[in-house]
Amino acid sequence: MRNLYLIGFMGCGKSTVSHCFERLYGMRSFEMDEEIVKQEGQSIADVFAEKGEAYFREAETSLLKKLGTQDNLVVSCGGGTAMRQCNVDEMKRSGTVILLNVLPQTVYDRVKDTCDRPLLEGKMNVDDIRGLMEKREGRYEGAADFAVRTDGKSAEEICREIWDCLGEK
Ligand code: S3P
C-alpha cells in the first residue's frame, strides 16, 4: 500500500493515530520528529535552539524524500511539515495526505503541560494556539486529500474513518 501521511496542528493526535493504525491495519507507523531526534542526537527544542528552525525544516524535507522511496508506512508528520510546498509535492507523489482537524481548546488541553514544542514557547494559551492554527489552516486544507475531524473521537474511531475514506477513493 502507498504511504499515508498524517498532517495537522501540534497535538491533533497524529502519533496516537499512526500507532493505532499500525495495530489495526498492519502498516508500519513512522514518526518524523522521533527520527529527527535520533538523527540529531538531541531534542527538537535543542535542534531549534542550537541549529535554528531553518535547519530543522531542511531535516524534515530530506527525511520525507527518503520516506518517499518506501511504502506501507503511516507517517506522523511534524505540525509544520505541510507548510512547505515541496514537502506536500513529495507526500502526494508517494502517498495519500490526511489532515487531522482539531479544536484549539483540545490542543491546549493536550499540550499545556509539555515543553518540547518550541513554537508554543511563551504562547501556551488557547488564543495563541488558535491564531497560529488559523494562519496554517489554508495550507493544511490545500495539502490534504481528505480531512477527518478528531474532537471527541477515540483513536480507533479516527482510524476506521480514515480506512473507510481510503476505500472510497
Ligand atoms: C512543529 C510541530 C512539532 C515539531 C516542531 C515544529 C510545528 O511536531 O515538528 O516542534 O511547526 O508545528 P508535532 O506536531 O508532532 O508536535
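**Exercise 1. Find how strand 1 and strand 4 run relative to each other, parallel or antiparallel, and how many bridges join them.**

Solution. The model is predicted.
Step 1: Locate strand 1 at residues 3-7 and strand 4 at residues 95-101.
Step 2: Follow their directions. The two strands run parallel.
Step 3: Count the links. Five bridges join strand 1 to strand 4.
Step 4: Pick one pair. Asparagine 3 stands opposite glycine 95 in strand 4.

**Exercise 2. Work out which residue of strand 5 is the bridge partner of leucine 99, and whether the residues of strand 4 are mostly buried or exposed.**

Solution. Step 1: Turn to strand 5, residues 146-149. Strand 4 pairs with strand 5 over four bridges, in the parallel sense.
Step 1: Find the partner. Leucine 99 is bridged to alanine 147 in strand 5.
Step 2: Check the cover. Buried means under 20% relative accessible area. Seven of the seven residues in strand 4 are buried.

**Exercise 3. Describe the surroundings of the ligand: which residues are closest, and how much of its accessible area does the protein cover?**

Solution. Step 1: List the neighbours. The ligand is surrounded by 13 residues, and the closest are Lys14, Asp33, Arg57, Arg117 and Arg136.
Step 1: Look at the arginine side chains. Arginine 57 has a side-chain N or O atom 2.7 Å from an oxygen atom of the ligand. For arginine 117, a polar side-chain atom lies 2.7 Å from a ligand oxygen. For arginine 136, the distance from a polar side-chain atom to a ligand oxygen is 2.7 Å.
Step 2: On its own the ligand has 380 Å² of accessible area, and the protein covers 96% of that.
Step 3: The space it takes is the largest pocket.

Terms used:
Residues are numbered from 1 along each chain as its sequence is written. This is a predicted model: local features need pLDDT of at least 70, side-chain atom pairs count only at pLDDT 80 or more; totals for chains, interfaces and linings use all residues. Side-chain values use heavy atoms; hydrogens and water are left out. Buried means under 20% relative accessible area, exposed over 50%, partly exposed in between (1.4 Å probe, protein chains only). Two strands pair if DSSP finds at least two bridges between them. A residue is near a molecule or strand if one of its heavy atoms lies within 4 Å of it. A polar contact is a pair of N or O atoms within 3.5 Å; within protein, one must be able to donate a hydrogen and the other to accept it, and residues adjacent in sequence count only if both atoms are side-chain atoms. Accessible areas come from the Shrake-Rupley method with a 1.4 Å probe; for residues, only the protein chains shown count as cover. On a 1 Å grid over the protein atoms alone, a cavity is a set of points where a 1.4 Å probe fits but cannot get out, and a pocket is an open set with protein on both sides within 12 Å along at least five of seven lines; lining residues have an atom within 4 Å of a point. A molecule sits in a cavity or pocket if more than half of its atoms lie within 2 Å of its grid points.
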